[in-house]
Amino acid sequence: MISHLAGRVAAIAPEGAVIEVGGVGLLVQCTPGTLATLRPGEPARVATSLVVREDALTLFGFATDDERDVFVLLQTASGVGPRLALAMLAVFTPDALRRAVLSEDVAALTRVPGIGRKGAQRIVLELAGRLGAPGSGSPGDGAAVAAARPGSPAPWREQVRTGLVNLGWQARDADQAIAAVETDLADAAAADGGADAAAAAQSPDAAAMLRAALRKLSRT
């Protein structure tokens with residue numbers, strides 16, 4: 001098993017990133033949240049899981065060891081393959097998934113494109129007690145993520161839009177959800193006031209914004 005990659009980010013595409021290790025560019029499929037931590041030309045370290053199929057070897061990358069471990073565990077549930085497991089981690093953090101499974105929150109799990117009510121019930125049944133309690137995961141000391149420049153604003157809008165489209169939403173719906181999230185963000189900054197709130201509104205966390213946009217879409 002390839003446990004992690006450490007190298008220079010050669011390129012970022014909607015479906016993943018190319019990380020150059022020893023002169024070889026390795027394509028790593030990632031969630032939008034993980035992609036948000038990477039910067040072309042900068043060093044990065046991502047936890048990885050190699051999925052072997054008859055016709056392909058696919059490497060999946062994650063910001064933390066915990067995300068990688070949850071990704072592997074999710075695939076032990078019937079009907080959950082690597083693509084669906086990745087989609088689940090695009091919508092939920094590992095601890096949010098743990099809470100959904102522990103509380104048998106079927107409605108929450110159906111927010112993931114490709115998971116219906118029966119599929120969510122099966123996931124809850126088969127993974128109950130296996131994902132652990134919230135906070136029980138090991139984030140790993142820097143299995144994550146990239147050495148992004150402090151204070152550099154992430155291009156979160158395009159990353160969130162790409163993530164939503166990759167998860168099966170229409171571009172028009174993605175744009176409407178992003179606009180709604182931006183409005184909420186601006187309103188929260190105005191209500192909170194202060195320079196810190198304004199700065200947070202200018203460069204929010206892309207993974208958090210993706211989850212907020214998905215919540216907007218799940219209500220429509």
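Modeller: Strand 1 (residues 4-13) runs antiparallel to strand 2 (residues 16-21), and five bridges join the two. Strands here are DSSP runs of E at least two residues long, helices are runs of H or I of at least four, and both are numbered from the N terminus; two strands pair if DSSP finds at least two bridges between them. Before going on, this is a predicted model, where local features need pLDDT of at least 70, side-chain atom pairs count only at pLDDT 80 or more, and totals for chains, interfaces and linings use all residues. Residues are numbered from 1 along each chain as its sequence is written, and side-chain values use heavy atoms, with hydrogens and water left out.

Back to the strands: R8 has E20 in strand 2 as its bridge partner, and two residues sit between strand 1 and strand 2, which form a hairpin. Strand 2 also pairs with strand 3 (residues 24-30), again in the antiparallel sense, over six bridges. There, A17 faces V28 of strand 3. These two strands make a hairpin as well, with two residues between them, and G22 in it takes a positive phi near 60°. As a rule, side chains in a regular strand alternate between the two faces of the sheet.

One more contact is worth a look: the backbone oxygen of S3 is 2.8 Å from a polar side-chain atom of R68. R68 belongs to helix 2 (residues 65-74), and its 8% relative accessibility is why R68 counts as buried (under 20% relative accessible area, with exposed over 50% and partly exposed in between, using a 1.4 Å probe and protein chains only).

How values were computed:
Polar contact = N/O pair within 3.5 Å; in protein donor to acceptor, adjacent residues only side chain to side chain.
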